[in-house]
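User: I'm new to this one. Can you put the structure up and walk me through it?
Analyst: Here it is.

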Amino acid sequence: MLDLMNKLYRFDAVTIDIINALELKLSDAENKINDLYKQIFLDYADWYLEIKEDEMAISKRTDDIDKRRARVKTRLLGVGTATKELLESTANSISGVTVEILFEGMTVIINFLAVENNKYLGVVKKAIVEMIPYHLL
């Protein structure tokens, strides 16, 4: 910012102090804006995740932030009529999990085709159970 000023003011101590204070405030504001932008995306959210959990009445039983993000993501995606496609797309939205869902009579069969991390199995199962109509449970 100092380079943009007239040469007469560049060496004034008061002007230099004001410019330095402004640069600190602008840097702080930029960091806050970047953090707020980061919270929009669930894969990077931290403090906003707690707000979404409160809105959706999701219990915070675990301290594992990845599991918490997965729960919020499945709750957001799992809205609508519980079709086979909706259930599969919601379950497959969790990274490292590939699921195939079959309806046989009044039974729902969940086939886990690929699981990279076992910690998400409970999240996927709970999300599917919450979305399945009650007459199929």
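Analyst: One place to start is Ala57, which is found in the loop between α2 (47–56) and α3 (65–77). Keep in mind that this is a predicted model.

User: What is the phi of Ala57?
Analyst: Ala57 has a positive phi of about 55 degrees, although it is not a glycine. Most residues other than glycine have a negative phi.

User: Is Ala57 buried or exposed?
Analyst: Ala57 is exposed, with a relative accessible area of 69%.

User: OK, the inside now. How many residues has the largest nonpolar core?
Analyst: The largest nonpolar core has 15 residues. Among those with the most contacts inside it are Leu87, Val97, Ile101 and Ile128.

User: Which elements give two or more residues to this core?
Analyst: Those are α4 (84–92), β1 (97–104) and α5 (121–131). The most comes from α5, with 4 residues.

User: And what is Ile101 in contact with, leaving aside its neighbours within four places in sequence?
Analyst: Ile101 is then in contact with Lys84, Leu87, Glu88, Val108, Ile109 and Ile128.

User: Switching to the surface. Which residues make a nonpolar surface patch?
Analyst: Met1, Val14, Ile18, Leu22 and Leu26 make one of about 470 Å².

User: Where is Val14, and is it buried or exposed?
Analyst: Val14 is in helix α1 (residues 13–39). Val14 is exposed, with a relative accessible area of 53%. In soluble globular proteins, nonpolar side chains tend to be buried together.

Methods. Residues numbered from 1 in each chain as written. Predicted model: local features only at pLDDT ≥ 70, side-chain atom pairs only at ≥ 80, totals over all residues. Heavy atoms only, no water. Core = buried A, V, L, I, M, F, W, Y, C linked by side-chain atoms within 4.5 Å. Buried < 20%, exposed > 50% of the residue type's maximum accessible area, 1.4 Å probe, protein only. Contact = heavy atoms within 4.5 Å. Patch = residues over 30% accessible without salt bridge, like charges linked within 9 Å, V, L, I, M, F, W, Y side chains within 5 Å. Areas by Shrake-Rupley, 256 points an atom, 1.4 Å probe, with all protein chains shown as cover. Salt bridge = Lys/Arg side-chain N within 4 Å of Asp/Glu carboxyl O.
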